[in-house]
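Q: I'm new to reading protein models and would like a walk through this one. Where do we begin?

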Amino acid sequence: MDPLRHHVEQLFRPYRGSSQAQELREEVLSNLEARVADLTAGGMAYDQAVRVAKSNLPSIDILLGGKRRIRANGFWLEWVQRVLLYLLVAWIVSMPLQIVGAGEVQSLALFSLSLLAGLIYAALLKKKKTAPEGVMKMDLRAAIVYRNTVWTLWTIYMIVSTLYTTALQFGSSIWFGRPVTISGPYQFAMIAIPYLLPVVSIVLPLAFHLMPKLIMKYEVGEADERDET
């Protein structure tokens with residue numbers, strides 16, 4: 001692939017789905033190509049000219065920064081619907097754990113959150129049918145930062161949780177050199193469940209993961225504004 005086009009593809013990767021970003025992509029590429037042409041016309045080698053042009057535009061955050069106008073009803077309705085789906089899946093996954101007497105608190109919390117999300121979804125669905133589409137502003141760049149931050153924190157939490165559980169389960173065996181014996185499926189389940197329970201918290205980073213994608217999906221583009229007028 002052309003080095004400039006590859007650079008532009010990498011710059012716009014976080015903004016896939018944004019109509020504004022798509023409109024800007026070719027313009028950015030054209031400007032970079034023009035910059036390289038100017039540099040090579042001045043006697044600079046092509047490879048060096050490409051490096052200089054790329055260094056002048058390391059990010060497009062400034063170009064795409066600021067708050068976006070998005071269709072509020074559609075955004076919140078789909079976000080709550082997707083979060084509700086995640087919660088229901090996590091709740092269903094947690095249900096069998098209660099058979100062996102584990103995960104009652106997590107399962108009850110997931111059920112309660114699913115019920116709350118279901119009520120909010122029903123209210124938003126009713127609002128969408130009766131109220132006109134509203135427009136609100138959201139910061140895409142901030143949403144991407146929040147998404148990455150939450151994923152990082154969740155990864156750290158899972159690492160710490162796994163190490164903590166391992167220390168509780170096998171600390172004495174490792175420290176004193178005692179062999180670990182698993183006599184049957186029940187004992188294996190009791191060892192595995194403490195590792196599995198924290199995984200249901202993945203609902204939280206998944207909820208934040210949706211935000212940038214839906215902001216770009218429900219962004220009010222120039223075509224929408226023309227239709228409104």
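A: Let's begin with what a pocket is: an open set of grid points where a 1.4 Å probe fits, with protein on both sides within 12 Å along at least five of seven lines. Keep in mind that this is a predicted model.

Q: What volume does the second largest pocket have, then?

A: About 210 Å³ for the second largest pocket. Its lining counts 13 residues, and Val-89, Ala-90, Val-93, Val-199 and Val-200 are the closest to its centre. H5 gives the most to this lining, with five residues, and H5 and H9 each supply at least two.

Q: By class, what lines the second largest pocket?

A: Its lining has 12 nonpolar residues, one polar and no charged ones.

Q: And what is the volume of the largest pocket?

A: That one comes to about 370 Å³. Among its 15 lining residues, those closest to the centre are Val-83, Leu-87, Leu-113, Ala-117 and Val-203. H5, H6 and H9 each give two or more residues to the lining, with the largest share, seven residues, coming from H6. By class, there are 13 nonpolar, two polar and no charged residues.

Q: How do I read a pair of aromatic rings?

A: You describe such a pair by the distance of the centres and the angle of the planes. Here, a search of the whole structure finds four aromatic pairs. In one of them, Trp-76 and Trp-79 have ring centres 5.8 Å apart and planes at 90°, so the pair is edge-to-face. Both sit in helix H5 (residues 72–94), three residues apart, which puts about one helical turn between them.

Q: Which pair links H5 with H6?

A: Look at Trp-91 and Phe-111: their ring centres are 5.2 Å apart and the planes are at 45°, so this pair is tilted. Trp-91 lies in H5 and Phe-111 in helix H6 (residues 104–130), so the pair ties together parts 20 residues apart in sequence. Trp-91 is partly exposed, at 22%, and so is Phe-111, at 36%.

Q: What about the nonpolar core?

A: In soluble globular proteins, nonpolar side chains tend to be buried together. In this model, the largest nonpolar core has 43 residues, and Phe-75 and Trp-79 are among those with the most contacts inside it. H5 gives the largest share, nine residues. Phe-75 and Trp-79 also form one aromatic cluster with Trp-76.

Technical notes
Residues are numbered from 1 along each chain as its sequence is written. This is a predicted model: local features need pLDDT of at least 70, side-chain atom pairs count only at pLDDT 80 or more; totals for chains, interfaces and linings use all residues. Side-chain values use heavy atoms; hydrogens and water are left out. Rings of Phe, Tyr and Trp (its six-membered ring) pair if their centres lie within 6.5 Å; planes under 30 degrees apart count as stacked, over 60 as edge-to-face and the rest as tilted. Helices (H or I, at least four residues) and strands (E, at least two) are DSSP runs, numbered from the N terminus. Buried means under 20% relative accessible area, exposed over 50%, partly exposed in between (1.4 Å probe, protein chains only). A nonpolar core is a set of buried Ala, Val, Leu, Ile, Met, Phe, Trp, Tyr and Cys residues joined through side-chain atoms within 4.5 Å. On a 1 Å grid over the protein atoms alone, a cavity is a set of points where a 1.4 Å probe fits but cannot get out, and a pocket is an open set with protein on both sides within 12 Å along at least five of seven lines; lining residues have an atom within 4 Å of a point. Grid points are joined across faces, edges and corners, and a volume is the space filled by probe spheres set on the points. Ala, Val, Leu, Ile, Met, Phe, Trp, Tyr, Cys and Pro count as nonpolar, Asp, Glu, Lys and Arg as charged, and the others, Gly among them, as polar.
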